[in-house]
Amino acid sequence: MAIPKRSSRWYRIKWFTHEDTAEERKLILKLDLLIVPYAFLSYWVKYIDQANINNAYVGGLKEDLGFQGNQLVHLQTLYTLGAVLGQLPFLFLFPKIPMYLLIPSLDVIWGVFTLLQYRANSYAELAAYRFLVGWFEAAFFPAMHFIFGSWYRGDEIARRGGVFYVGLTLGTMTAGFIQAGASAKLNGLHGLAGWRWMYIICAIITIPIGLLGLVVLPGTPDKPNRLILTHNDIELASARLERAGHVLTGKVTWVTVVKLARSPRIWALLLLDVFFWNGSINTSTGGYLLWLKSLKRYSKSRLNELGTASPGLGIFYTLLVCFSSDLLLGPAWAITLAHTWNIIGLVILTIWDVPETAKWFAFMTTYSAVAMSSVLYGWINSQLKYSPAERSFTLLLSNALAQSTTAWTPLLTFKTVEAPRFKKGYPFVLANAVCLIVLAHLISWYIERKE
């Protein structure tokens, strides 16, 4: 049975399709309530923990630890290196390990190293913690998309992934509020600076959510969490996916690797992911916060409060783009929608010599860059539905390869000493965003032609 076509008119948009039986709709709702809230909460705390280095930097860490030169961007790079290298062992392991055990275990360890950052007394010590935080975060994002692709059809993934991905923007925004509160209320309490209290608060939030995953994550149909799923749930989920052409079992072998290496479609999707990661590094390099600090008119707590505005708008961008992809536009045009808005802001920041109000507007467009992430990974999921082995390997490889490029591109284009203008950074991101849109439409044309 073919995947149901998208609704062509907005008033016909429905959460289910007419092919879904009453029993299947009940199952889909159960899966939604198990997977999506946990994915959202876990990603939320991850981006609190990831974004807090920028908030801590403008909240007193720079002065307390004596940071100089480009040490902030070096810390961001070490986190990325940990996240990339940490993914490599899972290239062959994803189909073999129960996801409901793997993800929560890594989340708890991630929380422990988030906590340890509060005690850092030097750049070197903090650098080691940032690398390990990245290492234990590494598998989460591709693992969650592997779970989405294990339970949902291709036309169902992006909007679930969109709700999940809101955790990124909400986490970045929450990190600002936590640091603002810590700077204003906790600074000096028990002899700890406000930015140190932020890491303690983040860990207190992170570890319980990791433990929650052991109870609520359903795993995958071939390795399910039977504490929360019945035999009938698993059989029904498998049957509806098999009708849509999904294959549910399989292991990664060298034959899998060779087959993928010969596929032009896979290489195109990998390149698309590279353009995506580099077309959105403006969200993680701290440009907006560093610009606010350069204005020299705001207190530490006010800086972090204002820093929440841009990621706050990202919540709207993410939901709009992801729901539009599933229900109206399809992947290529959803990517175009997100990055056209991103490009408008990047053009302004590249010019730079514009009124201050224009800069405010430009920084408010920033998080449209990452709004299409779940669209892209949902696209990869649907293109490889015929093989869980190829799907897991490609999700990990594309994420690791693309993310690895951002371990060195910010070092060249977003040097901390060049803040807040970043004369090389914003034009570089702009070029990647344009290439992303063009390649997305070429891939869409190629897929339609092949099918």
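Contact here means heavy atoms within 4.5 Å. The structure is a predicted model, in which local features need pLDDT of at least 70 and side-chain atom pairs count only at pLDDT 80 or more, while totals for chains, interfaces and linings use all residues. Residues are numbered from 1 along each chain as its sequence is written, and side-chain values use heavy atoms, with hydrogens and water left out.

Begin by colouring residues 23-249 as domain 1 and 250-450 as domain 2; such bounds come from an automatic or database domain assignment. The C-alpha centres of the two domains lie 18 Å apart. Across the boundary, 60 residues of domain 1 are in contact with 60 residues of domain 2. The area buried between them (accessible area, 1.4 Å probe, that two parts lose on being put together, summed over both) is about 5,200 Å², and carbon and sulfur atoms give 68% of that area. Next, select Val58, Leu91 and Phe92: within domain 1 these lose the most area to domain 2, together 13% of what that side buries.

Now select helix H10 (264-278) and helix H19 (425-450), which pack at an angle of about 155° with axes 8 Å apart. Helices are DSSP runs (H or I, at least four residues) numbered from the N terminus; axes are lines fitted to C-alpha atoms over the stretch in contact, and angles run from 0 to 180 degrees between N-to-C directions. H10 is therefore roughly antiparallel to H19 (an angle over 145 degrees).

Finally, display the side chains of the contact, including Leu272 and Phe276 of H10 and Leu436 and Ile443 of H19.

Note on methods. Helices (H or I, at least four residues) and strands (E, at least two) are DSSP runs, numbered from the N terminus. Angles under 35 degrees count as roughly parallel, over 145 as roughly antiparallel, 65 to 115 as roughly perpendicular and the rest as oblique.
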